[in-house]
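Student: Could you go through this model with me and, for each label, show how the value leads to the word?

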Amino acid sequence: MPNPEAKRLSVTKHAGPLFPDFQTVDLTQDTKVQLKQCKDPLILDVPERSKRPTDASHIIFGISTTLTRLDDSIPSLLRWLPDTNAKLFVIAIKDDDVPDESKDRFHPADPKEMSELQSRMRKLRLNVTIVHPLSKRDFFSQRYFSLVRVMYDHRESNTKWISLVDDDTFFLSMPALVEMLAKFDPHEQHYVGALSEDWWSVTRYGMMGFGGAGVFVSIALAEIINSKYEDCQDRSHTSAGDIRLRECISWHTRTKLTNILDLHQIDIKNDLSGIYESGRLPLSLHHWKGGGPDGEGYPLHMMHLVADICGDCILQRWQFGNDMLLTNGFSIATYPKGGVEALDLEKMEETWDHPSVVQDSVNTNGVDHSLGPVRPKLGLKEEKMQYRLLNSTVVDGGAVRQSYLRAGVDGELDTLLELVWMDPPQPPSPDPAQG
């Protein structure tokens, strides 16, 4: 229930259980299951947040991608961009870059396909404009950098920020993003972004805003970059667009990166449960379409559906009893050995593969500058039983139904846990006749 007094804590504790006893069903016999036990609805307080879309009309976003990848990104864009008044400009090509010996650097997108996709996206309340690259000779890093010119040329009187993002950058809370940017004066030169979580990547590529996390350039800084556009395009020889942007800023200004820890590039690999289960609200996440322990990625567009009910409760943690932890939209976990109280929940669980080692660095786990300190990874089954989000959907009345699955191993049955999130019932209106 939205509560103006409620705060999003690292973990909110409830003494009682979340579920009744398990019930065994045979889905080969009948897919309609009569539940024998149901708990009464549980009311959880969440921080109050207006359900009206946040006004982000002062931000212009830019993406460089292919038409196919842009089309594939619509479900995720629909979770954060519609009705915010923010504009999105997309430099689109047909295919990925072609070999260097070719006359042109890419296959241009078909204008008719561009127009059809743009029209379809606008009907979905996505304020998008799809354009061709500024030059047929531009390779990827040049097309990425040219987004600055495209967005600056389309600025309006109220434009304060331009933002360069990837087609798999996902913003979990537009209100929180707008609040973060409001701390900076856009009429001053600001370069806002995030370092990679991987220290090896930082030592190799430098103190820059890594593009997948989202890079935000104040309109004052964008004016300078735009005025030096040709020089920066000609001088830089990097194949990475975010490096080209950082080079231009360092060549022509004294502006340094403002590192925002809640923006996430996600350059670490394999099981990212430790990040998702940390209880923190990321401003952005990246590289979620693939990877993970099963290679299937993380379905953020489904995970995020619950935000329609409870706002910034996505990935919020609740503890039930001493052995169950719900990370809303991602997982439910139980801890057979010692329960939840035995864990230091202020530290992320180091579930991911250890990053590449930087020789002689005191950042021994490779993430202390961004995610650390961390706690050791738990063994699945003997120390932690994890039920991962399988599906999330909107059901009749606007409620959100979540299904969490733990696949059976070593002859065990699969276990499915389901939660239904709904708005609290409204109190009846007073009877005027009894006024």
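**Labels set against their cut-offs**

Student: Why is glutamate 382 called partly exposed?

Tutor: Glutamate 382 has a relative accessible area of 43%, and since buried means under 20%, exposed means over 50% and partly exposed is what lies in between (with a 1.4 Å probe and protein chains only), glutamate 382 counts as partly exposed. Before we go on, note that this is a predicted model, in which local features need pLDDT of at least 70 and side-chain atom pairs count only at pLDDT 80 or more, while totals for chains, interfaces and linings use all residues. Residues are numbered from 1 along each chain as its sequence is written, and side-chain values use heavy atoms, with hydrogens and water left out.

Student: Where does glutamate 382 lie, and which residues does it touch?

Tutor: Glutamate 382 sits in the loop between strand 17 and strand 18, where strands are DSSP runs of E with at least two residues and helices are runs of H or I with at least four, numbered from the N terminus. Leaving out residues up to four places away in sequence, glutamate 382 touches Pro336 and Lys337, contact meaning heavy atoms within 4.5 Å. Glutamate 382 and proline 336 are 46 residues apart in sequence, yet their C-alpha atoms are 6.8 Å apart in space.

Student: What makes lysine 381 worth a remark about phi?

Tutor: Lysine 381 is not a glycine, and yet its phi is positive, at about 90 degrees. Most residues other than glycine have a negative phi, and most peptide bonds are trans. Lysine 381 also belongs to the loop between strand 17 and strand 18, and its relative accessibility of 35% makes it partly exposed. Aspartate 83 likewise has a positive phi, near 65 degrees, in a residue other than glycine; it is found in the loop between helix 2 (74–77) and strand 5 (87–93), and with a relative accessible area of 38% it is partly exposed.

Student: How do you know that the peptide bond from glycine 372 to proline 373 is cis?

Tutor: The omega of that bond, from glycine 372 to proline 373, is near -5 degrees, and the bond is cis. Proline 373 is placed in the loop between strand 16 (348–349) and strand 17 (374–375).

Student: Why is helix 4 called roughly perpendicular to helix 7?

Tutor: The axes of helix 4 (residues 140–153) and helix 7 (residues 219–227) come within 10 Å and cross at roughly 115 degrees, the axes being lines fitted to C-alpha atoms over the stretch in contact and the angles running from 0 to 180 degrees between N-to-C directions. Angles of 65 to 115 degrees count as roughly perpendicular, under 35 as roughly parallel, over 145 as roughly antiparallel and the rest as oblique, so helix 4 is roughly perpendicular to helix 7. In this contact Phe145, Val148, Arg149, Tyr152 and Asp153 of helix 4 meet Ile219, Ala222, Glu223, Ile225 and Asn226 of helix 7.

Student: What makes helix 4 and helix 9 oblique to each other?

Tutor: Helix 4 and helix 9 pack at an angle of about 55 degrees, with their axes 7 Å apart, and they are therefore oblique to each other. The residues that make the contact include Phe140, Tyr144 and Phe145 from helix 4 and Leu245 and Cys248 from helix 9.

Student: How do you know that helix 7 and helix 9 are roughly perpendicular?

Tutor: Helix 7 and helix 9 (residues 241–252) pack at about 90 degrees, with their axes 10 Å apart, and they are therefore roughly perpendicular to each other. Leu221, Ile224 and Ile225 of helix 7 meet Leu245, Cys248, Ile249 and His252 of helix 9.

Student: Which residues of helix 7 are buried, and what covers them?

Tutor: Ile219, Ala220, Leu221, Ala222, Ile225 and Asn226 are the buried residues in helix 7, and their cover includes helix 4, helix 8 (229–235), helix 9 and strand 10 (215–218).

Student: What is the largest nonpolar core, and which residues have the most contacts inside it?

Tutor: A nonpolar core is a set of buried Ala, Val, Leu, Ile, Met, Phe, Trp, Tyr and Cys residues joined through side-chain atoms within 4.5 Å, and the largest one here has 42 residues, with Tyr276, Met303, Ile332, Trp352 and Trp421 having the most contacts inside it. Strand 20 gives the most to this core, with 3 residues. Apart from neighbours within four places in sequence, tyrosine 276 is in contact with residues including Leu285, Trp288, Met303 and Phe330. A second, separate core of 38 residues includes Trp80, Met174, Met180 and Ala213.
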